[in-house]
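Biologist: Can you put the model up? I'd like to go over the ligand site and then one of the loops.

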Amino acid sequence: MPDDTARRMAQLLHHRKPALAQGDPVVPPIVAAATFHLPSVQSGGQFYGRNGNPTWDAVEAQLSILEDAEAVSFPSGMAAIAAALFATLKTRDRLVIPSDGYYVTRVLSDGFLRPLGIEVQAIPTASYATEDFSGAAVVYVETPSNPGLDAVDIAAVAARAQKAGARVIADNTTMTPLLQRPLDLGADLVVAADTKAPAGHSDVLFGHVAGRDAGLMARVRDWRRMSGSIPGPFEAFLAHRGIETLEVRLERMCTSAAILADRLAAAPQVRKLRYPGLRGDPSHWAVGGQMANGGFLIGFELADASAAEAFLARCALIEQSTSFGGTHSAGERRARWGDGVAEGFIRLSVGIEPVEVLWSAIRVALAG
Ligand SMILES: *Cc1c(COP(=O)(O)O)cnc(C)c1O
């Protein structure tokens with residue numbers, strides 16, 4: 001782990017200490033309040049639950065430490081993505097998004113931005129390296145992409161996009177700020193689904209937008225207040241608790257993923273395995289550079305849809321669920337959602353199970 005990551009993680013675990021008074025709870029209280037004592041509007045403090053909440057403040061303090069930037073929390077990853085897009089786009093703008101990234105971002109853009117007169121241009125992640133961004137208002141990158149795990153050189157794309165006058169939004173969900181730092185690489189805004197590894201226990205949806213441009217972040221905050229897209233205090237508490245253990249969980253998940261990717265790639269039933277940490281993977285160039293390691297997601301193909309479904313059903317230690325980044329290993333056949341992948345393609349999210357036990361279960365399930 002790089003020194004600055006270690007420092008951030010330690011600071012995050014103690015972020016409440018400077019403000020604590022005798023007898024205060026060490027963990028943030030869940031403040032379930034719509035209204036706050038307000039004899040005077042001018043005196044500051046909390047005033048209404050759509051504008052602010054002390055439990056959001058706690059999780060935003062953690063996220064700010066992780067991102068080294070102002071962070072605004074949202075009730076889901078999609079709420080964060082919508083906020084970033086509505087804060088940066090206007091009629092007649094052009095938005096560039098990945099055609100092979102998280103599909104709801106594409107559906108949102110097509111269904112709600114296009115009818116407002118925004119031109120939506122979807123291009124494969126692999127084309128970002130050569131695309132001409134002239135005339136674009138926002139270049140949206142997702143790297144490595146979900147589910148294909150193709151990588152984009154964030155610094156190079158940000159430099160070219162900004163030179164062309166565009167803003168750059170990076171969806172960092174598959175990596176988290178501990179493994180990849182798009183703002184340091186020049187992105188204007190980071191968006192993320194903290195539903196995944198940061199909250200990490202498959203029990204809450206959450207998201208955030210982070211950035212270092214105060215004007216842009218003020219618009220993101222205004223969007224939350226005016227659209228009413230606010231996280232609940234219980235959800236903020238769960239996200240806060242999850243983030244405390246993000247680093248130790250990622251350590252186990254990524255180490256296990258590297259071991260499993262090697263062994264899966266050698267299994268006769270497995271084809272076209274993708275794991276950025278493997279030498280020879282098309283995204284391997286990014287590992288050790290913008291990506292701290294290969295991550296915890298593995299993509300591979302089995303012979304066909306029924307072979308993939310049978311494997312997932314047989315394996316006792318892979319939950320058959322969508323989403324990723326949780327404590328339990330989870331897998332699904334992405335073609336069932338219409339992703340542009342082969343029928344037998346499985347996205348495997350490696351959890352925190354001890355790796356040899358996990359591998360035994362996978363090996364047995366593969367053998368059929
Ligand atoms: C899951 C996901 C989202 C959406 O997050 P929700 O919390 O489900 O709204 C956005 N982007 C990526 C890359 C994701 O994997």
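**The ligand site and a loop**

Modeller: By class, 6 nonpolar, 5 polar and 3 charged residues form the shell around the ligand. Keep in mind that this is a predicted model.

Biologist: Which of the 14 residues around the ligand come nearest?

Modeller: Those are G77, M78, D171, T195 and K196.

Biologist: And which helix gives the most to the shell?

Modeller: Helix 3, residues 77–88, with 3 residues.

Biologist: What does the backbone of G77 do there?

Modeller: A backbone N or O atom of G77 is 2.8 Å from an oxygen atom of the ligand. At M78, a polar backbone atom also lies 2.8 Å from a ligand oxygen atom.

Biologist: What about the side chain of K196?

Modeller: An N or O atom in the K196 side chain sits 2.6 Å from an oxygen atom of the ligand.

Biologist: How much of the ligand's accessible area does the protein cover?

Modeller: On its own the ligand has 380 Å² of accessible area, and the protein covers 93% of that.

Biologist: Which pocket is the ligand in?

Modeller: The largest pocket is the space that the ligand takes.

Biologist: Changing topic. Where is N146?

Modeller: N146 is in the loop that runs between strand 4 (138–142) and helix 5 (154–163).

Biologist: Is N146 buried or exposed?

Modeller: Buried, because its relative accessibility is 5% and the cut-off for buried is under 20%.

Biologist: What does its side chain contact?

Modeller: The N146 side chain has a polar contact with the side chain of R347, at 2.6 Å.

Notes: Residues are numbered from 1 along each chain as its sequence is written. This is a predicted model: local features need pLDDT of at least 70, side-chain atom pairs count only at pLDDT 80 or more; totals for chains, interfaces and linings use all residues. Side-chain values use heavy atoms; hydrogens and water are left out. A residue is near a molecule or strand if one of its heavy atoms lies within 4 Å of it. A polar contact is a pair of N or O atoms within 3.5 Å; within protein, one must be able to donate a hydrogen and the other to accept it, and residues adjacent in sequence count only if both atoms are side-chain atoms. Accessible areas come from the Shrake-Rupley method with a 1.4 Å probe; for residues, only the protein chains shown count as cover. On a 1 Å grid over the protein atoms alone, a cavity is a set of points where a 1.4 Å probe fits but cannot get out, and a pocket is an open set with protein on both sides within 12 Å along at least five of seven lines; lining residues have an atom within 4 Å of a point. A molecule sits in a cavity or pocket if more than half of its atoms lie within 2 Å of its grid points. Helices (H or I, at least four residues) and strands (E, at least two) are DSSP runs, numbered from the N terminus. Ala, Val, Leu, Ile, Met, Phe, Trp, Tyr, Cys and Pro count as nonpolar, Asp, Glu, Lys and Arg as charged, and the others, Gly among them, as polar. Buried means under 20% relative accessible area, exposed over 50%, partly exposed in between (1.4 Å probe, protein chains only).
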